[in-house]
Amino acid sequence: MLQRSYYFVEFETFEIPDEGFITYQQQTLEGTGINAEPVSSLKMVEANYYKGWSRLIGTHERYDRTPRRMAGNPEYFSESITGGDKPFDVFYNPQTKRMILKTSKTNVKGLLRRMIKNYPSFFVPKEGQVDFAYLLDRLQNTTVIASWFNDLKGQVTSVGLFGDRVNLDDKFNYYKAIGSMSALTVELTIKGQNQPCTIMITKERGVVIYENWDQKQDLDFLFNIQHLLFYKNNRQ
């Protein structure tokens, strides 16, 4: 199974209408060649899908400005709209007001931005990031095999460190002091499994899973580690 990316979002308000959330678009003007605007949507599929979490389907269209020619047409188009044919799973817990989106960071940011614009009273996410200092403290007995830093004060803007127990390396402390950590890859031991699992945790509360699990195994894992991603919110 390929790696899967999940992103957590916490909400102040999430009130989905019966028809779901869908962003509006302008109509294509006949004869002008102007495309209709890309559309994003969120629709409920199953209100009580798994352990109190609902399952929704999301779509996020975006412009692709790669010149391309359509079959049967000799002219190239300067841009097209893609993404609507690639729906993704979204999970929401009404008790905690937390959402998990199984898609790319680009789709998450784009969908959130459009929903906030179109539904400002019904779709209100909180801002927040992973507190890596707290995370590293909780994972001090865990093998850290890679880390990434950005916003470095120097000639390079980002750097990655790799190797077992990379968090014990002097370079790790050096880059942590002059920049901000953007991601961490760790090996975690899970009860009932013979081998440790490898995951990446990103600053934007993203979790990349590399294990050969099914959907509900992924969710069980995510439910179990979510408290590590929301430490600052829990402390406030």
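Before the first stop, a term: rings of Phe, Tyr and Trp (its six-membered ring) count as a pair if their centres lie within 6.5 Å, and the pair is called stacked with planes under 30 degrees apart, edge-to-face over 60 and tilted for the rest. What you have open is a predicted model, so local features need pLDDT of at least 70 and side-chain atom pairs count only at pLDDT 80 or more, while totals for chains, interfaces and linings use all residues. Residues are numbered from 1 along each chain as its sequence is written, and side-chain values use heavy atoms, with hydrogens and water left out.

**Stop 1: the rings**

Select Phe-11, Phe-14, Phe-21, Tyr-92, Tyr-119 and Phe-123: ring pairs link them into a cluster. The structure holds 15 aromatic pairs.

Now pick out Phe-14, found in strand E1 (strands are DSSP runs of E with at least two residues, helices are runs of H or I with at least four, and both are numbered from the N terminus). Is Phe-14 buried or exposed? Phe-14 is buried, at a relative accessible area of 10%; buried means under 20%, exposed over 50% and partly exposed in between, using a 1.4 Å probe and protein chains only.

**Stop 2: charges over rings**

A charge sits over a ring if NZ of Lys or CZ of Arg is within 6 Å of the ring centre and within 35 degrees of the ring normal. Go to Arg-98, which lies over the face of Phe-230 at 3.9 Å from the ring centre. Then try Arg-55, placed over the face of Tyr-49 at 6.0 Å from the ring centre.

Go back to Arg-98 and show Gln-226 as well: 128 residues separate the two in sequence, and their C-alpha atoms are 9.6 Å apart. Gln-226 belongs to helix H4 and is buried, with a relative accessible area of 13%.

**Stop 3: the core**

A nonpolar core is a set of buried Ala, Val, Leu, Ile, Met, Phe, Trp, Tyr and Cys residues joined through side-chain atoms within 4.5 Å. The largest one here has 32 residues, and Ile-100, Ile-199, Val-207 and Phe-221 have the most contacts inside it. Elements that give two or more residues to this core include E1, strand E3 (40–50), helix H2 (132–138) and helix H4 (215–229). Which element gives the most to this core? That is H4, with 7 residues.

**Stop 4: two loops**

Most residues other than glycine have a negative phi. Select Lys-97, in the loop between strand E9 (88–93) and strand E10 (98–101): its phi is positive, near 60°. Lys-97 is partly exposed, at a relative accessible area of 34%.

Next comes Arg-205, in the loop between E15 and E16. Phi of Arg-205 is also a positive value near 60°, but Arg-205 is buried, with a relative accessible area of 3%.

**Last stop: the pocket**

On a 1 Å grid over the protein atoms alone, a pocket is an open set of points with protein on both sides within 12 Å along at least five of seven lines, and lining residues have an atom within 4 Å of a point. Select Leu-112, Lys-126, Glu-127, Gly-128 and Glu-204: of the 16 residues lining the largest pocket, these are the closest to its centre. Helix H1 (105–118) supplies the largest share of that lining, 5 residues.

Key:
1 Å grid on protein atoms, 1.4 Å probe; cavity = no way out; pocket = protein on both sides within 12 Å on 5 of 7 lines; lining within 4 Å.
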